[in-house]
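Please keep the sequence and coordinates open while reading.

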Number of protein chains: 2
Amino acid sequence: MTLPPWHGQQALSGAAYSAVELDEDDRRVYVLDQRLLPLEERYRICTDVAGVVTSIGDMVVRGAPAIGITAAYGMVVAAGDGVTLEAADYLSHLHGVGATLMASRPTAVNLAWAVQQGLALASQHRQEPGTERWQQMAAWARQIHRDDVAACRQLGQIGAACLGDKTTVLTHCNTGALATGGYGTALGVIRAAWEANKDVQVYACETRPYLQGARLTAWELHRDGIPVTVISDSMVGHCMSQGRIDAVVVGADRVAKNGDVANKIGTYGIACLAKLHDIPLYVAVPWSTVDLATPTGADIRLEERDPIELTQFAGQRLTPAGVAAYNPAFDITPARLIEALVTEKGALDPRGLDRGGC
Amino acid sequence: MTLPPWHGQQALSGAAYSAVELDEDDRRVYVLDQRLLPLEERYRICTDVAGVVTSIGDMVVRGAPAIGITAAYGMVVAAGDGVTLEAADYLSHLHGVGATLMASRPTAVNLAWAVQQGLALASQHRQEPGTERWQQMAAWARQIHRDDVAACRQLGQIGAACLGDKTTVLTHCNTGALATGGYGTALGVIRAAWEANKDVQVYACETRPYLQGARLTAWELHRDGIPVTVISDSMVGHCMSQGRIDAVVVGADRVAKNGDVANKIGTYGIACLAKLHDIPLYVAVPWSTVDLATPTGADIRLEERDPIELTQFAGQRLTPAGVAAYNPAFDITPARLIEALVTEKGALDPRGLDRGGC
C-alpha cells in the first residue's frame, strides 16, 4: 500500500480514503488505483497532465463526479506547467490540455463541465502572474471537490427520505466515495439512510465487465458496516420477482434535458425490470451531472470500450481466441422509467428538468 | 489434452467432441471437463459411481440433457458393480446409486427421468444373469444418448423454421453439443438454421457466474464458423433497444405442466426484456425436459450454489473478504412470456402442454 501524504489526516473526501486528492504542493495528483481494489489499496501519483489523462482513460479513477474532480486537478497541474507563459500562450496551453482531458472519456458530462469551468477561470485571470493563476486554479479545483462532497451529502439526505424505514435497495456499479469527491451519489443515499438509523440492506450488482459492484461497492459498504449482498447482473429479475427488492437507487454519468439518463451498462435493463415489478427507480446525481445542453438521451455519445475487458480477466482468456465481443460502457434509461431524480436541489421529476425540475 | 479412446471415430454425440461417452468396456465414463474450456480440452475418466456423481455436482458436465445421459451412464457403472448381486440386492444397490445421482443436482428433470428409467429397467431384468443386466443397461443408456441427439436434430429443424432467413439470435448459457448428447437444443436450433443456409448471427450472453456463454457457447459456435458476439448479461436490454436482436432462443432445465420454465439464472430477466421489446422468445427442449408431474414453476426446486462461484474467479477473490453473495443457479420464466416451446414433437404453445401442447 502506497500511503498518500495526507493519509491519516482529513482528506477532502471526508473519508479515510479518497478517489483523488491534490497534494499540498499543487503539483501532484494522487489517484487511488481502483483497478486493484479490493485486493490492494494503492495510489498512483500523477506528476504531469499525461498521468492524469491516462488515469481517467484507463479507469484508474472512474465515476462521473470523480473524473470531473480529477480533470479539475489536471487543470491545476497544467496551470503549474504554464507559470512562465504569457497570457495568450497560457490560454492556448490550457485549451490543449482541456481538449485532451475531455477526450479521455466521452460520456460523463462532469469531465467537460469541470474543464470548461477551469478554462473560464484561466481566461478571467490570464493577465495575472503565473503563480497567482496557478493558486487560483488550485483553490477553484479544491472548491469543486468540496462542493461535490457537500452536494452528495445533501442529495443523500433527500434520497434517504424517499426510502422506507426498513428497506432493501438494489444498486448497480459503484456510486460511492470512490466515484465522487466523497460520500457518493446512490451510495450517498444509502449512507444517509443508514446514518438516519434506517434498517437498510443492499443488493449490489457485480456490474460486468469491470465489476465495480463486486469490487468497489462491496468494499465501501463493508467498510461502513452496511449489510451488502453481491449478485450477478443476471439475477436482478429473479430477485425482484421474489420480492427481495424495495427500491433501486443508481447514479448517472449524464442527464439530458428531457430527463433521459446515461449510466453504466445494465441500468436500462434494471429500469425496465423495476417498472415491470412496480419497484421505484431513483437516479441520484449532483446537479453538475445534469446537462441541459443535451436535448435527449439519443444525443448522448455512449462510450464503447475495448472488448478485452469482457474477453479476459486478470490476464486470463475467458472466450476462445478470435471470438468477437461487444462492450458498450453505458446505456440510456428513458425518463419515464425513473421515479425521481435525486439532486441536492431536491427529488425532481426527470421529465420536468427544463422547467427547473418541478 | 487427454484423448478418449473413441477420439477420431464417430462419437455418439455426432461431433468431434462429446460432453460424455461410455467406453466400449461399459465400465468407464468419459466426461469432458467443461470447467477448463475454452483453454483446455481434457476428459475426466470416471471409473466408479462416485466419479460420475462429482462430475455432475461439480459441473464438470452440465446442461440438463447431458447430465441426464451422464446419470444413465452412472447407472451402467452401477450395474457393472452389481453383476454378482442377487436380484433384491441388485435392485437395492441401484436404488441407492440412483438416489445419490438424483441428489447431485436438483433442478434439471432429465437427471431424475434417466435414473427412473434405469431403475425400471433394472427391476424388469433383476432375475437375469448379472452380465446380461449390465449389457441391457449399457444398451439402454446408449440408446437414450442417441435418442437425445435425434431429438435435438429434430427440434432444431422445427425451431429453425421459426426464424427469419436473415436473423440475429440472442442466446443465454450453453445449450449446445456440450449441454446435450450432441448438437444442442437452443444451439441446435441455431445450427439447423445455419445448415439451412440462413444468415444467422448470434449474441451470446456470457452467463455469469459460470460463464457458460463466454466459454462454451462461443467455443462451439466459433468451431462451427457461426458468427458469434459475446456480451455481458447486463447488455441485453441495451442490445434489444438498439434493434440488434430479432429473436431469443434458450434451453431449459425443466418445463412444468403449466408451461413455466426453469432455466439458467438470467433467463427470466431476458424474457421480460424480450416481451417489452416485442421480440419472440423460443424455449428449445427435448420432450424429456417436460415434467407433467410438476404443476407450475413455483413447484420446481431451484438450486442455490456456493457463493464462491460469484466471489472468486480462477482462485482470485473478486469481492472483499467477508462480503455475502447470493447465487441462485436458475430462475422461473412464466409461460406467458414464451412464444413457443420448441420440441421434437413441434413448436408448442407452452400454455397447452396438459392438452398435448396444442
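In chain A, the loop between β5 (199–205) and α7 (212–224) contains A:Pro209. This is a predicted model, and in it the peptide bond from A:Arg208 to A:Pro209 is cis, with omega near 5 degrees. Another cis peptide bond joins A:Leu37 and A:Pro38, where omega is about 0 degrees. A:Pro38 also has its place in a loop, namely the one between β2 (29–32) and β3 (43–46) of chain A.

The loop between β2 and β3 of chain A also holds A:Asp33. Is A:Asp33 buried or exposed? With a relative accessible area of 8%, A:Asp33 falls under the 20% limit and is therefore buried. Its side chain makes a polar contact with the side chain of A:Arg35, at 3.0 Å. Apart from neighbours within four places in sequence, A:Asp33 is in contact with A:Arg42, A:Tyr43 and A:Val60.

A:Met59 is not a glycine, yet has a positive phi of about 65 degrees. The loop that carries A:Met59 runs between α1 (49–57) and α2 (64–81) of chain A. The relative accessible area of A:Met59 is 1%, so this residue counts as buried. A:Tyr183, likewise a residue other than glycine, has a positive phi, near 75 degrees. A:Tyr183 is found in the loop between β4 (166–171) and α6 (186–195) of chain A, and its relative accessibility of 7% makes it buried.

Now to the charged side chains. Side chains of opposite charge can pair when their charged atoms come close. Over all chains, the structure holds 34 salt bridges. One of the pairs is A:Arg27 with A:Asp81, whose closest N and O atoms are 3.8 Å apart. This pair links distant parts of the chain: A:Arg27 sits in the loop between β1 (20–22) and β2 of chain A, A:Asp81 belongs to helix α2 of chain A, and the two are 54 residues apart. A:Arg27 counts as partly exposed at 34% relative accessibility, and A:Asp81 counts as partly exposed at 40%.

A further salt bridge brings together the side chains of A:Lys198 and A:Asp165, at 3.9 Å from N to O. Why does this pair tie together parts that are 33 residues apart in sequence? The reason is where the partners lie: A:Lys198 is in the loop between α6 and β5 of chain A, and A:Asp165 is in the loop between α5 (130–160) and β4 of chain A. A:Lys198 is buried, with a relative accessible area of 14%. A:Asp165, in contrast, counts as exposed at 61% relative accessibility.

In chain B, the side chains of B:Arg305 and B:Glu303 meet in a salt bridge of 2.8 Å, N to O. Both B:Arg305 and B:Glu303 are buried. In chain A, salt bridges that share partners join A:Arg105, A:Glu303, A:Arg305 and A:Glu309 into one network.

Strand β8 (residues 254–256) of chain B runs parallel to β11(B), and two bridges join them. Within this pairing, B:Val255 has B:Val290 of β11(B) as its bridge partner.

How are the two chains related? Chain B can be laid on chain A with an RMSD of 0.0 Å, by a turn of 180 degrees and a shift of 0.0 Å along the axis. The two copies are therefore related as by a two-fold rotation axis. The same surface serves both copies, since 100% of the contact residues of chain B recur in chain A.

How values were computed
Residues numbered from 1 in each chain as written. Chains lettered and ligands numbered in written order. Predicted model: local features only at pLDDT ≥ 70, side-chain atom pairs only at ≥ 80, totals over all residues. Heavy atoms only, no water. Least-squares fit on C-alpha atoms with pLDDT ≥ 70 in both. Contact = heavy atoms within 4.5 Å. Helix = DSSP H or I, 4+ residues; strand = E, 2+ residues; numbered from the N terminus. Buried < 20%, exposed > 50% of the residue type's maximum accessible area, 1.4 Å probe, protein only. Pairing = 2+ DSSP bridges. Polar contact = N/O pair within 3.5 Å; in protein donor to acceptor, adjacent residues only side chain to side chain. Salt bridge = Lys/Arg side-chain N within 4 Å of Asp/Glu carboxyl O.
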